[in-house]
Amino acid sequence: MSDILSGVGVNSLILQSLLSASTDETQDNSNTSSEFSKLMELIMLSQISGGESFLGTNSSLFGTSNSSSGDSINSSLMLMLMNGQSQGYSLSNLGTYPLAVQPTSLGYSAYSTYANTQTSTSGSGIIPTESYKPSSPAITNYLNNRSASNYYSVINQFDVENNERYEVNKNGQGDTYCNIYVWDVTKAMGAEIPHYYDNETGEVVSYPDVQGAQCMTANKMQDWLTTTGKQYGWKEVSAEQAQAYANQGHPAVTTYKNSSGHGHVQVVCPSQNGGYNSEKGVTISQAGSSLHDYAYINDVFSDNAMQKVRYFVHA
């Protein structure tokens with residue numbers, strides 16, 4: 001919590017006093033409720049005053065805030081606090097619960113606001129507009145620390161609906177970038193489905209040493225996942241299983257191989273309600289001819305195309 005407290009002025013003293021009074025993570029619900037109520041009241045007062053963000057200007061956990069971004073950060077934190085309260089978290093473990101609590105009670109849009117405050121405002125992350133260059137995002141996640149909230153954070157930082165990197169036809173040649181988006185997300189999740197690979201061995205090739213390497217198209221991605229991908233921890237599953245894995249924070253993707261044209265790939269993201277909708281299919285985030293932060297797969301594919309969709313997870 002020291003990073004959160006630094007540079008916050010008077011508010012840090014108030015928060016510090018609350019933290020000092022809350023050293024037992026197993027305290028009863030009434031005390032937890034009281035603490036969260038106090039903190040939420042302080043956040044609201046900070047918003048009403050129009051002054052410095054409650055989190056200050058040096059918060060590594062929730063992102064860099066200022067007078068223009070403080071309100072959205074405070075609003076998002078308040079939502080997270082309410083969710084944390086319902087899960088039995090107290091102020092003493094406030095520094096860890098945002099990455100541990102699944103945000104199903106908040107809904108995707110609320111969590112998206114929270115995740116967007118964590119992106120590379122500090123300059124520590126780089127997501128280039130050039131699709132051939134790899135991204136180096138601020139938020140990453142790996143096998144020993146999977147959760148729906150971590151997965152949400154990784155996905156949302158790429159802001160697929162607004163990021164120039166995935167813009168449809170940005171070069172005037174009709175290009176789309178579903179494969180680049182899947183590359184970005186899986187790489188940030190420590191489960192890279194590569195853009196560059198050795199055509200003979202299927203092994204991942206790292207930029208900039210890509211001379212002689214092949215670029216992974218959406219169609220090729222399905223081939224790679226069913227062959228070399230197994231060596232890298234990927235396996236094929238059903239649609240329902242893919243959703244279940246994604247809801248637990250494991251990277252999951254869909255592939256559609258088109259024998260007469262361009263294929264398509266998508267990221268399977270955690271569902272808002274933590275379940276699987278058999279009528280609408282898995283919940284996805286995608287680049288391509290249409291850009292979606294969050295949608296159902298049946299909103300994207302026709303019934304005929306759905307027959308050819310395959311699902312893969314990294315676990």
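## Salt bridges

The side chains of glutamate 130 and lysine 133 are joined by a salt bridge, with an N to O distance of 3.7 Å. The structure described here is a predicted model. Glutamate 130 counts as partly exposed because its relative accessibility is 30%, and lysine 133 likewise counts as partly exposed because its relative accessibility is 27%. A search of the whole structure finds four salt bridges, and this pair is one of them.

Another salt bridge connects aspartate 184 with arginine 165, whose closest N and O atoms are 2.7 Å apart. The pair links distant parts of the chain, 19 residues apart: aspartate 184 lies in helix 7 (residues 178-188), whereas arginine 165 belongs to the loop between helix 6 (148-156) and helix 7. Both aspartate 184 and arginine 165 are buried.

## A link from helix 8 to a loop of the sheet region

Aspartate 223 and lysine 257 also meet through their side chains in a salt bridge, at 2.7 Å from N to O. Aspartate 223 sits in helix 8 (residues 218-226) and lysine 257 in the loop between strand 4 (252-256) and strand 5 (264-268), so this pair ties together parts that are 34 residues apart in sequence. Aspartate 223 has a relative accessible area of 29% and is therefore partly exposed. Lysine 257 is also partly exposed, with a relative accessible area of 34%. In general, side chains of opposite charge can pair when their charged atoms come close.

Helix 8 also contributes buried residues, namely Ala218, Asn219, Met221, Gln222, Trp224 and Leu225. These buried residues pack against helix 7, strand 1 (196-197), strand 3, strand 4, strand 5 and strand 8. Helix 7, one of these packing partners, is the helix that holds aspartate 184.

Six strands make up an open sheet with antiparallel pairing, in the order 3-8-4-5-6-7. Its edges are strand 3 and strand 7 (292-296), each of which pairs on one side only. From one strand to the next, the twist averages 35°. In general, strands of a sheet pair through backbone hydrogen bonds, either parallel or antiparallel.

Strand 4 pairs with strand 5 in the antiparallel sense over four bridges. Across this pairing, threonine 254 stands opposite glutamine 266 in strand 5. Helix 9 (residues 239-247) packs on the sheet, where it touches strand 3, strand 4, strand 5, strand 6 (283-286) and strand 8. The direction of helix 9 makes about 130° with that of strand 3.

## Strand 8 and its neighbours

Strand 8 (residues 310-314) is mostly covered, with four of its five residues buried. Strand 3 (residues 234-237) runs antiparallel to strand 8 and is joined to it by four bridges; here glutamate 236 stands opposite phenylalanine 312. Strand 4 likewise runs antiparallel to strand 8, again with four bridges, and threonine 255 stands opposite arginine 310.

Strand 8 is also in contact with two helices of the model: helix 9 touches it while packing on the sheet, and the buried residues of helix 8 pack against it.

Definitions and conventions. Residues are numbered from 1 along each chain as its sequence is written. This is a predicted model: local features need pLDDT of at least 70, side-chain atom pairs count only at pLDDT 80 or more; totals for chains, interfaces and linings use all residues. Side-chain values use heavy atoms; hydrogens and water are left out. Buried means under 20% relative accessible area, exposed over 50%, partly exposed in between (1.4 Å probe, protein chains only). Two strands pair if DSSP finds at least two bridges between them. Axes are lines fitted to C-alpha atoms, for helices over the stretch in contact, and angles run from 0 to 180 degrees between N-to-C directions. Contact means heavy atoms within 4.5 Å.
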